Structures are given as structure tokens and as C-alpha cells.
Amino acid sequence: MPLYRDQGVVLRTIKLGETDRIVSIFGQGHGKVRAVAKGVRKPGSRFGARLEPTTHVAFQCYRGRGELDVVTQVETIDANRGLREHYGCLTHAVSMLEATDQVAQDREPNPPLYRMLVRALRTLAASPSPLVSAAFFWKLLALEGFHPLLDECARCGAGSGPFPAFGLHDGGVLCESCAQLGGRALPPESLALLCQILGGELRAALAEPPGPTTVDVERLALAALEHHIERRLRSAALL
């Protein structure tokens, strides 16, 4: 069908010509879609303001002959306005959008990732915390099949702790002996918080007050994600 409808999250936009934009939308049923939104930069555009990154929209597109479709209709489901009113929230939201953009495949639906992104943006808008994006990165890795090993040494298999380090190449925690050969330092408090995030206790983890432990988990999450996608996130410098 030339025309199709879906709902999705606007990941990013690129200026095109004098009045148009190319928008990337991560759709629930169509995966990542790249489409031209014509005339959205003109004053008084019907849906220019609705096609901003972080916005959750219902949209209609005309399937083009090439890689780009054409946006013909947009309705806002959730503007996530709170994210754009707080710089800290926006930087973390943009990092989640960029991570999704890197992992999602063109025109390949990924409903679990779609639901996770929508919930993460909603949670970040309601309860600003840097751990929201960190938890999103860890859960994204788990969804991609790279769930970190947290209860035994990822290098030698030792099942008894302590585990004072994390090996990015090994995909999990390291025992004291293996940690001496390399790895990122992982204090016990950071490991406990990471276990909460990936062990079904996310609500308790998000209640953790900002401090060295939350910063440690956030930085490790970013490092693990960048190691997986084999590139730096452009938004990482803003975090």
C-alpha cells in the first residue's frame, strides 16, 4: 500500500532545502522510517511543531520509490514538553534517541524497543534522573542479546565475589584475580545498583539520590553501549 499509518517517536530531523525537513521516526509497526516533511519550516506550517525530536506522534506517510517516504499527516500523542523545558532531561532524552537510531533497523519493526523508548521518555519527563537513560542503555543491551554477566566472573567463571571490576570486552563483572589484568573499577554500591536496574527493581534504582554511585553506573552504561555499537554517541559530550 502506498499510504500507511503508524505511531512512533521522532528520533531526529535534518534540514532539507529552504522549507522542508527529513525526519527519522521510530514506528511501532514499521520500524525506523525516514521521510520528507514538506513545508514544515514555513511560518504557519500545519505540523512543523509536531515533528520535533522526543515527540510521540501518530503519523501517515506515502511510501516513496527510494529510501525516503513523504509525511502527509501528523497528530501529537504526547509532546513530552517537559523534556524540552529542562536541559538536563533533554540531553538524556537525546542520548536515548541517538542510541535507538543506531540500533533500530530501517523498516524493521521492533515492538519491545519501541515500548521501552516510549516508557523511558515518559518516565524521564515525570521523574528527571540520569539513571533513566543509564537504565535504558543497559536494557537496550540486554534486548540486543548482550545482557551483562553480574553474578560470576565473565572472564574465568568464578562464582564467588567480590567482583571489583567490569570488563567491557568480557561482557560482565570480573573477580579480583581477573581485575588485576584490566577492567573498569566497579565499587560494590555501583554493582548493587546495576543489579537493581537489570533485576526488575528499576523503581527502587530510580529512587537512588544523585551521587558518585549513580554517576558511576551512568558512565559505565554509556561505555558499554558505545563498545557494543562500536562508535561514540554524539550526544555523550552533553551528558
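Which residue in S3 is the bridge partner of Val-23? The legends below take up this pairing and its surroundings in a predicted model.

**View 1. The pairing of strands S2 and S3.** Val-23 has Ala-35 of S3 as its bridge partner. Strand S2, spanning residues 20-27, and strand S3, spanning residues 31-37, run antiparallel and are joined by 7 bridges. In general, the strands of a sheet pair through backbone hydrogen bonds, in either a parallel or an antiparallel manner.

**View 2. The closed barrel of 5 strands.** The strand order is S1-S2-S3-S5-S4, and the pairing is mixed. On average, neighbouring strands of this sheet are turned by 50 degrees against each other, direction ignored.

**View 3. Helices H2 and H3 against the strands.** Helix H2 (residues 87-103) lies across S1 (3-16), S2 and S3, and runs at about 110 degrees to S1. Helix H3 (residues 111-126) packs on the sheet, where H3 touches S1, S2 and strand S4 (56-62). The direction of H3 makes about 60 degrees with that of S1.

View 4. Helix H8 comprises 18 residues, 212-229, and reaches 26 Å from its first C-alpha to its last, close to the 26 Å expected at 1.5 Å a residue. Buried residues of H8 include Thr-213, Val-217, Leu-220, Ala-224 and Ile-229, and Glu-218 and Glu-226 are also among them.

Note on methods: Residues numbered from 1 in each chain as written. Predicted model: local features only at pLDDT ≥ 70, side-chain atom pairs only at ≥ 80, totals over all residues. Heavy atoms only, no water. Pairing = 2+ DSSP bridges. Helix = DSSP H or I, 4+ residues; strand = E, 2+ residues; numbered from the N terminus. Axes fitted to C-alpha atoms, helices over the stretch in contact; angles between N-to-C directions. Contact = heavy atoms within 4.5 Å. Expected span 1.5 Å × (residues − 1). Buried < 20%, exposed > 50% of the residue type's maximum accessible area, 1.4 Å probe, protein only.
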